[in-house]
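Here is a walk through one protein chain, meant to be read with the structure open beside you. Take a quick look before reading on.

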Amino acid sequence: MRGNSGFTLIELVATVVILSVVALITSLFLVMGVESYVVAADTARSAQAAHNALDRISLELKSARGLPGTSQVSLTANSVFSYSSMDPNLPGTRALRQANGSLFLSINNVNYLLLENVNAFVLNVEQNDMDGDAANQEISSINISFRLDGAATTYSLSVTPRTFIRL
């Protein structure tokens, strides 16, 4: 018998199988890592968008006053809150509205998108006697809560207007 050098077919097949298993396991870890990163980035982006919308809503509702010529605001079907602002930098008739899964700020009937993919939206007010006139109840707080599609977190906000307003 003469001395042969090199690999046998069995050795080559075993090497390919072992490398294939290692490559498969490595690719699974990489895919899981990338998917986790994408989910975390989307969640962070959604949370930041919700936070920005709540900041804007808070700014708007703190300076809410009655519609022009009145001390009254309007709340329609748990989805539209109409008011004007005492802040000279926020002119016009304004409304916070939820429609078709989006949250809008309307200024003089022009809608500006605040947030998309909104569900479980709740908009309500609490009324109390704030000025000592028991015949008229003023709004003591405006409460908003919602969730975003695909997220379990409920975002909420309670704002106390700076002036006496009524429904």
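What follows goes from the overall outline to the strands, the core and a few single residues.

## Ground rules

This is a predicted model, so local features need pLDDT of at least 70 and side-chain atom pairs count only at pLDDT 80 or more, while totals for chains, interfaces and linings use all residues. Residues are numbered from 1 along each chain as its sequence is written, and side-chain values use heavy atoms, with hydrogens and water left out.

## Overall outline

The chain has 1 helix and 9 strands; here helices (H or I, at least four residues) and strands (E, at least two) are DSSP runs, numbered from the N terminus. Going along the sequence, the order is α-β-β-β-β-β-β-β-β-β.

The C-alpha trace spans about 115 × 30 × 25 Å along its principal axes. The radius of gyration is 29 Å, whereas a compact globule of 167 residues would sit near 15 Å. That radius is taken over C-alpha atoms, and the globule rule is 2.2 Å times the number of residues to the power 0.38. Of the 167 residues, 29% count as buried, where buried means under 20% relative accessible area, exposed over 50% and partly exposed in between (1.4 Å probe, protein chains only). Of the contacts between residues at least 6 apart in sequence, 43% join residues at least 24 apart; a contact means heavy atoms within 4.5 Å.

How many of the 6 residues of β3 are buried? The count is 6 of the 6, so β3 is largely enclosed by the rest of the structure. Both faces are covered: V80, S82 and S84 lie on one side, with F81, Y83 and S85 on the other.

Two strands are said to pair if DSSP finds at least two bridges between them. β1 (residues 64–65) runs antiparallel to β3 with 2 bridges, and R65 has S84 as its bridge partner. β2 (residues 74–76) is also antiparallel to β3, over 3 bridges, with S74 opposite S82. β2 and β3 make a hairpin with 3 residues between them, and A77 in that turn has a positive phi of about 50°. β4 (residues 93–99) joins β3 through 5 bridges, again antiparallel, and V80 faces R97 there.

## A second hairpin

β5 and β6 (residues 110–115) pair antiparallel over 5 bridges, and I107 stands opposite V110. The two strands form a hairpin with 2 residues between them; N108 in the turn has a positive phi of about 50°.

## The three-stranded sheet

Next, look at the open sheet with the order β7-β8-β9, where the pairing is antiparallel. β7 and β9 are the edge strands, each pairing on one side only. Neighbouring strands are turned by 10° against each other on average, direction ignored. α1 packs on this sheet, touching β8 and β9, and its direction makes about 15° with that of β9. For these angles, axes are lines fitted to C-alpha atoms (for helices over the stretch in contact), and angles run from 0 to 180 degrees between N-to-C directions.

β7 and β8 are joined by 9 bridges, and N128 stands opposite E138. Beyond its neighbours within four places in sequence, E138 is in contact with residues including E126, D129, D131 and R166.

## The nonpolar core

In soluble globular proteins, nonpolar side chains tend to be buried together. The largest nonpolar core in this chain has 26 residues, and L61, F81, L103, L115, I144 and F146 have the most contacts inside it. A nonpolar core is a set of buried Ala, Val, Leu, Ile, Met, Phe, Trp, Tyr and Cys residues joined through side-chain atoms within 4.5 Å. L115, leaving aside neighbours within four places in sequence, touches A49, A50, A53, S102, L103, F146 and L148.

The whole structure holds 2 aromatic pairs. One is F81 with Y83: the ring centres are 5.6 Å apart and the planes are at 35°, so the pair is tilted. Rings of Phe, Tyr and Trp (its six-membered ring) pair if their centres lie within 6.5 Å; planes under 30 degrees apart count as stacked, over 60 as edge-to-face and the rest as tilted. Both F81 and Y83 are buried.
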